[in-house]
Amino acid sequence: MRFLRPRQWVAGLVAATALLSSHGFAQTASQPVKIGVIGPFTGPSSDFGQPMLHGIQLAVDEINAVGGYLGRPLSLVVKDDQGNPDQGLKGAQELMQEGVIATIGFCNTGVAMKALDVFQNAKSPLIVPCATGTPITAKYPPAESFIFRTSARDAIQAPFVVDDLVKRGWTKVAIFADSTGYGEAGLKDVEAALAARKLKPVHVARFDLGVKDLTEPLKAAREAGANVIFSYTVGPENAAIAMGRRDLKWDVPQVGAWPLSFPFFIKGAGPAAEGALMAQTFIAEPSNERRSSFLTAYSRKYNQKIAVPMAAAQAYDTTYLLTYALFGIRDGKFTGPAVKGALENISRVHYGVVATYERPFTADDKDAVTANMLVMGKVRNGAITFAYPEDAKRNLIVQRKK
């Protein structure tokens, strides 16, 4: 398969612009197309909020460089939710007042859940590129829902990781889940994944965000005979678990969903993070031309490595998917139902950096990512790499939805 460079990816957008213009649909004014962006750009969750924003901005700059939508530039209206549910609700309401045609956002499940009604009631599409809590796309009946997602929901991450644990013989699982909406939903997904394997956790520990010492819950898990810790928390508490294991000299693996790839864990835990395993959709290795081009463009624009590559890559792909959908609206009237319908009927295949998107959404399915797109990541020498050599080889081919 021939892989396309970023500017080549938007060639289809240029062609679509010419086609619509030839049919008399071109807009004479250069009024911007306003797209909402909301996420934690400051505060404790900014380590993946900032890469999300950067991925969106990188895509917008590329799209605007070739004409945007019929000569109308894409313009971002950005709201910082600070990882706070009340602030997220306020930001969502402000976006509706400012007339955005759709919104890309949310990194924290609890924040997203508090704001979903705002988008649904306004009939304004929301595409979630980071938050993974299963309830986000399950709250409303699919055909009626204006909530879309391009991140891997925990209902597929948890079974994927559990399957790997069973393969490795780690079946005495202790679950450590925080008290947020993310931790609560993740706990349920892990318990369901274990039950499907006729297993039960040997210990469950719950804790609040901000906890510094988890020694006692770790001792209880050790006494229960656990041979692996499955952690479900989004912040530095993951590091507290790893440091606690080290201090207890308890040599068991730590596994989990994608937050184990965050700087809060890798830098916070230092050597204690080595060997941790987690589900990933995107690992920042130039395994093919698409990914190499994306990583190079990101580094050139922001002069830094990506703190959380999945957040940036998923947000980048999301921006392109939304733009492709907009070209399905031939009169430029971006009502909420029109944009929703366009997202559900994207006719062109988009060759993204996370996946090859062919009908990523339908009226009955608002999640773009399926389990075949996941790989196991591993902390090695302070970075994330492939846990299995065969995954690195498989990653040469960008997966399609199943």
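Trainee: Why is F386 called buried?

Mentor: In this predicted model, F386 has a relative accessible area of 6%. Buried means under 20%, exposed over 50%, and partly exposed in between, with a 1.4 Å probe and protein chains only, so F386 counts as buried. Local features here need pLDDT of at least 70, side-chain atom pairs count only at pLDDT 80 or more, and totals for chains, interfaces and linings use all residues. Residues are numbered from 1 along each chain as its sequence is written, and side-chain values use heavy atoms, without hydrogens and water.

Trainee: Which residues does F386 touch?

Mentor: Contact means heavy atoms within 4.5 Å. Not counting residues up to four places away in sequence, F386 touches I283, E285, V375, M376, R380, D391, A392 and N395.

Trainee: In which strand does F386 lie, and what makes β14 an edge strand?

Mentor: F386 lies in β14; strands are DSSP runs of E with at least two residues, numbered from the N terminus. The open sheet has 7 strands, in the order β7-β6-β8-β9-β10-β13-β14, with mixed pairing. β7 (203-207) and β14 (383-386) each have a single partner strand, so one side of each is left without a neighbour in the sheet.

Conventions: Pairing = 2+ DSSP bridges. Helix = DSSP H or I, 4+ residues; strand = E, 2+ residues; numbered from the N terminus.
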